[in-house]
Amino acid sequence: MNVIQSFILGLIQGISEFLPISSSGHLSIVGQLMGFDPEADNLLSFNILLHVATLAAVFIVYRKDIWEMVKAFFGMVKDLFTGKGLRLKEFMYRRLIVMLIVATIPATIAAFFLGDIIENPALWQIGIFLIITAILLFLSEKLSGGNTDIEKMSNKRALGVGCFQALGTLPGISRSGSTIVGGLFCGLNKATAVRFSFLMSIPAILGALVLDIKDMITMPSQSLSVLPVVIGMITAAVSGYFAIKFLLKLVEKSKLSYFSIYCVAAGIFAIILNFTI
């Protein structure tokens, strides 16, 4: 893999991880167009590192929430050891930690049962899932959302959004798109739907990293050069940061359906590509 290829893949990962067009689907399509073996160990390793880089973008944009959750976590541990209990009703960020855990459960179950499709999807499958993403985004135009914010959220609503994230584990179905639509469907206001969606990406990406880290450590002989890796990761982090900022504005203006046209076109392209290469 050369520097130009790593830059392209990093750019695609950063943009498509947060814009509702599916990063896993796009990396598979572009990777095969570049002639990469989708099951190659070095490509798997590179994709993992790109996901870590995009996670850095979430940490930068939502640094206040993350810092408050870190403090809330240690506060919970302290109160548990001193016999005070979790005290969830008193602290919003403690409730947020619990809700993120609850929201992650459906995707964890889905990943266990859908492992083969997630890890080795055919291009025609990615194409179909991209079209499903388009349908979800089109339906988002019909959802104005509710008036529920983070402080008023319940575990039941979090679980509902988590079920949409489980759908987003399929390559071609956008995780960010499905969870934002899920948030609106569950009555969250637009700002909260986006905020909760991106905070949900933290355990989702970390979970995927933990599952794949063994494969990354036990790489046989194929290795990656340092410079392409660095270029790809920096590109993914920077483009991911701006993608988050861009999407925040789009959701407020109810423009998510614009991406539905693109996802239909990309889906059709993937299906055609499946039978031509």
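Is Ile 8 buried, exposed or partly exposed? At 32% relative accessibility, Ile 8 counts as partly exposed, where buried means under 20% relative accessible area, exposed over 50% and partly exposed in between (1.4 Å probe, protein chains only).

## Basis

This is a predicted model, in which local features need pLDDT of at least 70 and side-chain atom pairs count only at pLDDT 80 or more, while totals for chains, interfaces and linings use all residues. Residues are numbered from 1 along each chain as its sequence is written, and side-chain values use heavy atoms, with hydrogens and water left out.

## Helix H4

Helix H4 covers residues 63-81; helices are DSSP runs (H or I, at least four residues), numbered from the N terminus. Its 19 residues reach 27 Å from the first C-alpha to the last, close to the 27 Å expected at 1.5 Å a residue. That expected span is 1.5 Å times one less than the number of residues. Among the buried residues of H4 are Asp 65, Ile 66, Met 69 and Asp 79. Gly 83, which follows H4, has a positive phi, near 80°.

## Salt bridges

Side chains of opposite charge can pair when their charged atoms come close. The structure holds five salt bridges, each a side-chain nitrogen of Lys or Arg within 4 Å of a carboxyl oxygen of Asp or Glu. One of them joins Lys 71 and Glu 68, with the closest N and O atoms 3.4 Å apart. Both residues lie in H4, three residues apart, about one turn of the helix.

Asp 79 forms a salt bridge with Arg 87 (3.1 Å between the closest N and O atoms) and another with Arg 94 (2.8 Å, N to O). Because Asp 79 lies in H4 and Arg 94 in helix H5 (residues 92-113), the latter pair ties together parts that are 15 residues apart in sequence. Salt bridges that share partners join Asp 79, Arg 87, Glu 90 and Arg 94 into one network. Asp 79 and Arg 94 are buried, whereas Arg 87 is partly exposed at 27% relative accessibility.

## Nonpolar core

The largest nonpolar core has 45 residues; such a core is a set of buried Ala, Val, Leu, Ile, Met, Phe, Trp, Tyr and Cys residues joined through side-chain atoms within 4.5 Å. Helix H10 (residues 190-217) gives the largest share of this core, eight residues. Leu 199 is among the members that touch the most others. Not counting residues up to four places away in sequence, the contacts of Leu 199 (heavy atoms within 4.5 Å) include Tyr 62, Met 69 and Leu 96.

Note on methods: Helices (H or I, at least four residues) and strands (E, at least two) are DSSP runs, numbered from the N terminus.
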